[in-house]
Amino acid sequence: RRRLPAERSSVPRGRVRVGASLNAANSMNVWQDICSPERSALLTEALRIRGRLRLRVHGESMLPALWPGDIAEIEECGVGDVRLGDIVLAAREGRLFLHRFLRHCPGGGFVLRGDSMAKPDPKFAADAFVARLISTGHRHKMFRTSSPRWSRALGLVLCYSGIARRI
């Protein structure tokens with residue numbers, strides 16, 4: 001079927017990534033909209049009501065365990081129920097972090113680190129804890145989480161090698 005001029009789409013052919021806009025300022029604004037304090041508060045409230053939610057992963061800090069675009073299913077639980085190595089969701093300054101749990105801190109709080117990050121995150125307050133990851137997947141296929149030893153080792157390679165991240 002031949003398109004009439006009025007039917008032509010103004011969207012270019014091919015794939016266009018959200019946030020891959022014309023300049024860095026525009027993509028930063030898109031990212032700030034996604035990570036707004038209001039959205040973080042809304043997500044936290046929805047989790048408290050439903051007990052379980054699915055989120056889309058953004059960022060590369062948890063490579064290779066979690067990839068951008070993965071679906072993460074999280075479940076509400078207390079910070080006392082979390083074990084070393086669990087992937088948890090925490091909130092700070094209106095942003096959400098889905099990172100690996102390292103330890104409880106004396107006097108309250110906890111420490112997390114992304115698998116492909118060189119250093120742990122700064123200490124989180126005890127009330128920053130939101131939920132624990134229970135499964136991940138793509139679209140309709142979800143898998144229970146596990147943390148094989150090779151995953152952390154590969155994460156360290158990705159941490160120190162920008163070339164490895166682009167492969």
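This is a predicted model: local features need pLDDT of at least 70, side-chain atom pairs count only at pLDDT 80 or more; totals for chains, interfaces and linings use all residues.
Where in the chain does P64 lie? P64 is part of the loop that separates strand 1 (52-56) from strand 2 (71-75).

## Overall architecture

The chain contains four helices and seven strands. Read from the N terminus, its elements follow the order α-α-β-β-β-β-β-β-β-α-α.

Of the 167 residues in the chain, 34% count as buried. The accessible surface amounts to about 11,600 Å², and carbon and sulfur atoms contribute 55% of it. Among contacts in the chain with a separation of 6 or more, 52% are between residues 24 or more positions apart.

Strand 4 (residues 95-104) and strand 5 (residues 110-113) run antiparallel and are joined by four bridges. Within this pairing, H104 stands opposite F110 of strand 5.

The two strands form a hairpin, with five residues between them. In the turn, G107 has a positive phi of about 85°.

## Backbone features in the loops

Most residues other than glycine have a negative phi, and most peptide bonds are trans. Two places in this chain may be read against that background.

The peptide bond between L63 and P64 is cis, with an omega of about 0°. As stated above, P64 belongs to the loop between strand 1 and strand 2.

E93 is not a glycine, yet its phi is positive, at about 50°. This residue is located in the loop between strand 3 (87-92) and strand 4. E93 counts as exposed because its relative accessibility is 75%, and the cut-off for exposed is over 50%.

Methods. Residues are numbered from 1 along each chain as its sequence is written. Side-chain values use heavy atoms; hydrogens and water are left out. Two strands pair if DSSP finds at least two bridges between them. Buried means under 20% relative accessible area, exposed over 50%, partly exposed in between (1.4 Å probe, protein chains only). Contact means heavy atoms within 4.5 Å. Accessible areas come from the Shrake-Rupley method with a 1.4 Å probe; for residues, only the protein chains shown count as cover.
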